[in-house]
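Hello,

The structure we talked about is below. Please take a look, then read on for what turned up.

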Amino acid sequence: MLILGLDPSLSCTGWGVIRAEGSRIGHVANGRVPTDAKAPLAERLAALQAALAEVIAAHCPDRAAAEEVFVNKNPQSTLKLAQARGAVLAACGAAGLAVNEHAARLVKKAVVGTGGADKAQVQAMLKVLLPGARIAGADAADALAVAIADAHITPSS
């Protein structure tokens, strides 16, 4: 089973694909989709959706997973995150992919063993779980963590 993990963001969305076979997982690919901060919002969202559609077409995942929405102190940041999530989820929907959503604390607990883990702990554990994987950055690392958590939390269908 191939699982696409997603870490949506308007500035740079991370993605990661893993192969899950029972309790075994393996790295397939990962990357980042940055958008041009100077471009109009609609253009950025369209670019994000198109780039994720290419990732889906290239890797043909069986399902996708993303972190549940969280609310920032800054309402504008929350709105931008929600719009980026919409573009990412639309790309999944257009490809017929089911998307599981998991709370950030649950993702951290599934990967590190504690829901209060920080980013450095998650990234260190990814090196253990996906030896030899070259991770494209923090956004891609977060996306891989979501995919790994989904493999552990969601039963294969």
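Start with a helix pair: Leu-41, Leu-45, Leu-48, Gln-49, Leu-52, Ala-53 and Ile-56 in H1 meet Gln-83, Ala-84, Ala-87, Val-88, Ala-90, Ala-91 and Cys-92 in H2. Contact means heavy atoms within 4.5 Å. The residues of this contact split into twelve nonpolar, two polar and no charged. Here Ala, Val, Leu, Ile, Met, Phe, Trp, Tyr, Cys and Pro count as nonpolar, Asp, Glu, Lys and Arg as charged, and the others, Gly among them, as polar.

A note on the source: this is a predicted model, where local features need pLDDT of at least 70, side-chain atom pairs count only at pLDDT 80 or more, and totals for chains, interfaces and linings use all residues. Residues are numbered from 1 along each chain as its sequence is written, and side-chain values use heavy atoms, with hydrogens and water left out.

Now the geometry. H1 covers residues 41–59 and H2 residues 75–94; their axes come within 8 Å and cross at roughly 35°. Axes are lines fitted to C-alpha atoms, for helices over the stretch in contact, and angles run from 0 to 180 degrees between N-to-C directions. The crossing is right-handed, meaning that the near helix is turned clockwise from the far one by less than a right angle. Helices (H or I, at least four residues) and strands (E, at least two) are DSSP runs, numbered from the N terminus.

Next, salt bridges (a side-chain nitrogen of Lys or Arg within 4 Å of a carboxyl oxygen of Asp or Glu). The count is five. Among them:

- Arg-85 and Glu-101 meet at 2.4 Å, N to O. The pair links helix H2 to strand S5 (residues 99–102), 16 residues apart. Arg-85 is buried at 6% relative accessibility; Glu-101 is partly exposed at 39%.
- Asp-139 pairs with Arg-32, closest N and O atoms 3.8 Å apart. This joins helix H5 (residues 138–153) to strand S3 (residues 24–34), 107 residues apart. Arg-32 is partly exposed at 41%.
- Glu-21 pairs with Arg-24 at 3.5 Å. Glu-21 is partly exposed at 42%, and Arg-24 is exposed at 59%.

Buried means under 20% relative accessible area, exposed over 50%, partly exposed in between (1.4 Å probe, protein chains only).

Last, H5. Twelve of its 16 residues are buried, including Leu-144, Val-146, Ile-148 and Asp-150.

Best wishes
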